[in-house]
Amino acid sequence: MTLSQRLEKNCNKLIYDCTDEELFCGILKTIDELKNEIKTKDEKKKLYYISAEFLIGKLMESNLINLGVYHDMRQILSEYGKDLSKITELEIEPSLGNGGLGRLASCFLDSIAYTGIDGDGVGLLYHCGLFKQVFKENKQFETPNLWLGDNTVLNKTDISYTVPFGDMTLKSRLYTIDIIGKDRINKLNLFDIETVDEKIVTDDIRYDKADIRRNLTLFLYPDDSDEAGRRLRLYQEYFMASNGAQLIIDETLRRGGRLEDLADYAVVQINDTHPSLIIPELIRLLCERGMDMDTSIKIVEKMCAYTNHTILAEALEKWEAKTIQDIIPEIYEIIKELDARKKSECADKSLHIIDDNSLVHMARMDIHYSFSVNGVAALHTEILKKSELNDFYKIYPEKFNNKTNGISMRRWLTGANPRLDGFIEELIGRDFRNDYEKLKSLERYKDDNRVLSKLLEIKAENKADLCDYIKEKQGIDLDPNSVFDVQIKRLHEYKRQQMNVLYLITKYLDIKRGILPKRPITAIFGAKAAPAYTIAKDIIHLILCIEELIEKDKAVSEHLRVVMVENYNVTWAEKIIPASDISEQISLASKEASGTGNMKMMLNGALTLGTMDGANIEISSLVGEDNIYIFGKSSDEVIECYKKNNYKPYDYYEKDARIKEAVDFITDKDILALGDKESLTRLKNELIKKDYFMTFPDFEDYYSTKDKMLSDYENRMGWAKQSLVNIANSGYFSSDRTIREYNSDIWRIV
Ligand code: 26Q
């Protein structure tokens, strides 16, 4: 049966007569059928990628791509005047993640399945996931995102485990989502409890944080600014770890493995420290089944590998010993034992799992009891080895390794940017999809004006599409001929959205003075701030106030627009990234572990404006310094500056007229007329008095480098050439490459 006949049969109607909703159901059924034709082979050893987040995005399009029928499906539908993108748009985006770490986990699941590795994800089924962001009075508000509805991708299983807490036991229920590869189907295993009750949540996301039976799997990262929130988070983490561990043991036994050989059957990749309790939990379960403590520890050490995603000390997870003892007493005893063993071996206190203040350091437990510790970009791993985790590196040098992050090229090129994907195929054939390093051969078109013009044309079409989408979603009219300057990522001071805003204020003031940019600029932001992160919310407030100020000022808005998209998520990213000209990657050097948005925008032909941080460094060495715009202090300088502890933002504020003018404008009467005095004043004071992430010292360089970029943009062919070099060198960042490296160095699954 041809694909077209199959679709028609599954729609029960002529394609021509179907509504988009009917086609959506027909395509789902078709995917199911094609999926069932794939015979998945179990290997002896299996990978479990355990993570608190899986920011999977809509799945229909990537399922079609991985099944190899995406292009045909688009073609068939277009013959009947139907648009596949309009149909896939109908899917509701799952809300199971927050940012880079969760999106990385999802790109990894895609590549694990696609490259044919037997490996599943393990996580939690959050009913509301991350909050939905709503803007009112230029501020962020959080509302529950009840994304589950009558969900089309979740399968309920009859698998259920008992999870023992100190004060109660909870029964879980396993749901799965199929992760479709080329010739195998893996699973994303998501655990839930049946007593969870969405009705206890108010519209502004308040609920009884102590009512664990009813709230356990409601939210990702419940607000932990109070004790009840922190306790709930620990309940969640253990629930995830225990279910994961029970699943691993169960599946191993089902495959005919013996517990003594567990490490030959399962490898666990621990995605940051949120799932770390799987280490003591596996040990507990092995002991419960009659194994002695020494042997269980040896087995678990051989099974677990830990990925670190952050260097920010404040983001490293620590738990009060008494909280652990109270909520999961059996696990506490095991952690104490694990700690005692290391204390007897190492005098150095920085290596102790439980410190003198009775805080349990999760990363330290991971490093001691895993066989592999990896960072996520070259610089990040070096910093871990040289400074943050140097004490560990000295005793376990063999455990440390780097795995530079990657992105799913299928989602971020084929799915998000079919125009560019198709054009690349025209130029170099389709083989690059088996090995994205082959994109390199595009470089031979560096001086081919026809190719360069076509790249500009594709970008222009993507920008026009984004303008339509923003108009439809937010009612804003944008100029597709302006430069699209994009910063999309979680809101965090170290990522320095505030520095971008200071630049925009400077531009605004210049325009007011009659100094006009050669071409209009559209600054696009997408970011959610953690609900309890006050300064991050203040920064959003400032961005939205400036957006409104400019929107109301016709004389300025012809030259400069600021748009912050509401509820930034994967779906937004898929629209914005193909339309981006400038990719803002401006974190304070040494603070961004890797970044992955930088890779996505590079792949889509944007040029990076960035610091020497995270994977920007690898981008820079791949494309060469002529094809990237680097500014700011180096990580060594920054680390030195923190050591000396002598940075005084006030000095910059006083001495640099441009900085002073921009910072003062935060509380200018025109802004105060649109915003909240308390919030804006707090932000201004934070910058002048603290500026912990050192925006001022990098500001002048940022300003001039960005201006240089804008002037280079006017040389359209020159820009297109730089863009081509970026696309051609982005193949290294395919997550297929990253996964192959994880497999050959860490997992070793055939
Ligand atoms: C910390 C303490 C207590 C509870 C939660 C947390 C917490 C929650 C989420 C800590 C960190 C996160 C998320 C981290 C994250 O997304 N990191 C990003 O990971 C990407 C993938 O490796 C990198 O590209 C980014 O550089 C990194 O910021």
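Domain bounds here come from an automatic or database domain assignment. On that basis the chain splits into domain 1 (47-57 + 93-405 + 738-747) and domain 2 (466-720), and their centres, taken over C-alpha atoms, lie 33 Å apart. Keep in mind that this is a predicted model, where local features need pLDDT of at least 70, side-chain atom pairs count only at pLDDT 80 or more, and totals for chains, interfaces and linings use all residues. Residues are numbered from 1 along each chain as its sequence is written, and side-chain values use heavy atoms, with hydrogens and water left out.

**Where the domains meet**
- Domain 1 brings 34 residues to the contact and domain 2 brings 40, with contact meaning heavy atoms within 4.5 Å.
- About 2,800 Å² is buried between the two domains, 60% of it on carbon and sulfur atoms; buried area is the accessible area (1.4 Å probe) that two parts lose on being put together, summed over both.
- On the domain 1 side, Gln 133, Phe 135 and Asn 138 lose the most area to domain 2, together 24% of what that side buries.

**Salt bridges**
- The rule finds 2 salt bridges across this interface, each a side-chain nitrogen of Lys or Arg within 4 Å of a carboxyl oxygen of Asp or Glu.
- Lys 139 and Asp 676 form a salt bridge through their side chains, at 3.4 Å from N to O.

**Around Ile 278**
- Leaving aside residues up to four places away in sequence, Ile 278 touches Ile 50, Ala 241, Gly 244, Ala 245, Ile 248, Val 268 and Ile 270.
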